[in-house]
Amino acid sequence: MVNFELTDNTSLFLDRDGVINVRKMGGYVQSYDEFHFIEGVKEAMKIFHNKFAHIFIVTNQQGIGKGLMTEEAFETISQKMITEIEEAGGRIDKIYHCSDIKEKSSPNRKPNVGMAFMAAKDFPQVVFSDSVMVGDSNTDLIFGKRCGMHTIFIDNHTETDMNKELIDEVFDSLFDYAKSLK
């Protein structure tokens, strides 16, 4: 474990599927009816609201690129998710997503760092070395490490071959990570 302390300027980067909502195994969340918050996430977001200067979601959404859902459907899911988080006392400052398919090698698709640079452009106060990336896959953690962020692995037991060198801390859930910050 790496010693990491939050500052007044620490930004939080979160993956979505498998961290905030239940991952749809073998498919994509295509509507809000299929979107289900993981237990404790709303409570975690309330805690994060007062702990982090910025809170971002960075998510690969290749279901859009494959034509299985539309940008509009993604936006509807995102807005409803944000509304529920805000109603619980939390916040999301911005959601960044990449709809390109994996084979396209987009600079914005995690593990590439394009979404992080979009956030830094939109929020110039963001300092990557002062930021935290929370994810449930090697792709998320590589993204975080490439940006110089502190990495948190959410071990929801769906990823079988994690590269332990990418992980600074491990928690069973986003809520467990949030409770550790109190």
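Visitor: Does Lys 110 count as buried or exposed?

Guide: Buried means under 20% relative accessible area, exposed means over 50%, and partly exposed is in between (1.4 Å probe, protein chains only). Lys 110 comes out at 3%, so it counts as buried. Bear in mind that this is a predicted model: local features need pLDDT of at least 70, side-chain atom pairs count only at pLDDT 80 or more, and totals for chains, interfaces and linings use all residues. Residues are numbered from 1 along each chain as its sequence is written, and side-chain values use heavy atoms, leaving out hydrogens and water.

Visitor: Which residue forms a salt bridge with Lys 110?

Guide: A salt bridge here is a side-chain nitrogen of Lys or Arg within 4 Å of a carboxyl oxygen of Asp or Glu. For Lys 110 the partner is Asp 15, with the closest N and O atoms 2.8 Å apart. The two sit 95 residues apart, in loops that link distant parts of the chain. Asp 15 is buried as well, at 6%. Asp 140 joins Asp 15 and Lys 110 in a network of salt bridges.

Visitor: How many salt bridges are there in the whole structure?

Guide: A search finds 11. One of them pairs Glu 84 with Lys 42 at 2.6 Å, N to O. Helices are DSSP runs (H or I, at least four residues), as are strands (E, at least two), numbered from the N terminus. Glu 84 lies in helix 3 (residues 71-87) and Lys 42 in helix 1, so this pair ties together parts 42 residues apart in sequence. Glu 84 is partly exposed at 24%, and Lys 42 is partly exposed at 26%.
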